[in-house]
Amino acid sequence: IKIWSFSNSFDLLKQMQSNNIDFRLSNGFWTFRRHRNSVLSLDMSMEEMIKQKILEYDYVPDGGSFTFYQGKLVLAYVDEVISLSNVVKGKFDGKSKPSRFGLSSHQTAATIHPGFNGSICMEISNTNEFDVSINVGSAIASMEFVFLAQPSTRPRNLDQSKDWTHKRKGPFGFWLPEWDEIRKKSLH
């Protein structure tokens, strides 16, 4: 298990709890914007969603906060990057405080598979009647680690049946080169 961050505020010892490790909200957010004639299809590509301005990237600088609007889905990242060997998996769950404010995080794929290498993207929905604001860098989720009885024969980093890699941050497990440009533009 390797855990690191490019953030100056990263302190793994402070993030360790009795049986898990806290993960903090990062700066990048993918938000869905409804337009008059917008309909999502599971066959729609990321490029098409970006082109139609259905999916937009938001960047919040360190020290800032992000507002999760009532009834909206946001794809958000944790600040930490993890690398798991083929003998361990992670169980990723939202923290209770954000949940009590109505933020339901990581609704699917809560198992982080052996061999995973990257930053975790969460699906966060605000089920509250109010908009909820949370500071970048706040604890948003936690992970428990489970050691396998025997090494995985198909760890994520060797699974050739998957069409993604986790080497770069991306909401769907991959990273398009133009997203770097989108992020740069959002910083200005």
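Me: Ground rules before we start?

Reply: It's a predicted model, so to speak for the record: local features need pLDDT of at least 70, side-chain atom pairs count only at pLDDT 80 or more, and totals for chains, interfaces and linings use all residues. Residues are numbered from 1 along each chain as its sequence is written, and side-chain values use heavy atoms, with hydrogens and water left out.

Me: How many helices and strands are there in the protein?

Reply: Four helices and eleven strands. Those are DSSP runs numbered from the N terminus, helices being H or I with at least four residues and strands E with at least two.

Me: And what share of the residues is buried?

Reply: 41% of the 188 residues. Buried means under 20% relative accessible area, exposed means over 50%, and partly exposed is in between, with a 1.4 Å probe and protein chains only.

Me: What's the accessible surface of the protein?

Reply: About 11300 Å², and carbon and sulfur atoms hold 51% of that. The areas come from the Shrake-Rupley method with a 1.4 Å probe, and for residues only the protein chains shown count as cover.

Me: What do the contacts look like along the sequence?

Reply: Take contacts between residues at least 6 apart in sequence: 75% of them join residues at least 24 apart. A contact here is heavy atoms within 4.5 Å.

Me: Which strands does β2 pair with?

Reply: Among them is β11 (residues 139–147), antiparallel over four bridges, with F23 partnered by A141. β5 (residues 73–83) also pairs with β2 in the antiparallel sense, over four bridges, and there W30 stands opposite L75. Then β3 pairs with β2, antiparallel over five bridges, where F32 stands opposite L55. Two strands pair if DSSP finds at least two bridges between them.

Me: Switching to aromatics. How many pairs?

Reply: Five aromatic pairs. The rule takes rings of Phe, Tyr and Trp (its six-membered ring) with centres within 6.5 Å; planes under 30 degrees apart are stacked, over 60 edge-to-face and the rest tilted.

Me: Why do F29 and F66 count as stacked?

Reply: Their ring centres are 3.8 Å apart and the planes sit at 10°, so the pair is stacked.

Reply: F29 and F68 are edge-to-face, 6.2 Å centre to centre with 80° between the planes. F68 is in β4 too, and 39 residues separate it from F29. Ring pairs link F29, F66 and F68 into a cluster.

Me: Now T31. What does the T31 side chain do?

Reply: The T31 side chain makes a polar contact of 3.2 Å with the side chain of R33. A polar contact is a pair of N or O atoms within 3.5 Å; within protein, one must be able to donate a hydrogen and the other to accept it, and residues adjacent in sequence count only if both atoms are side-chain atoms. T31 lies in β2 and is buried at 5% relative accessibility.

Me: How many salt bridges?

Reply: Six salt bridges, each being a side-chain nitrogen of Lys or Arg within 4 Å of a carboxyl oxygen of Asp or Glu.

Me: Where does D58 come in?

Reply: D58 bridges to R33, with the closest N and O atoms 3.0 Å apart. D58 is in β3 (residues 55–59), and R33 is in the loop between β2 and α2, 25 residues apart. Both ends are partly exposed, D58 at 21% and R33 at 31%.

Me: And what does D22 pair with?

Reply: D22 forms a salt bridge with K95, also with 3.0 Å between the closest N and O atoms. D22 sits in β2 and K95 in the loop between β6 and α3, 73 residues apart. D22 is buried at 9%, while K95 is partly exposed at 23%.
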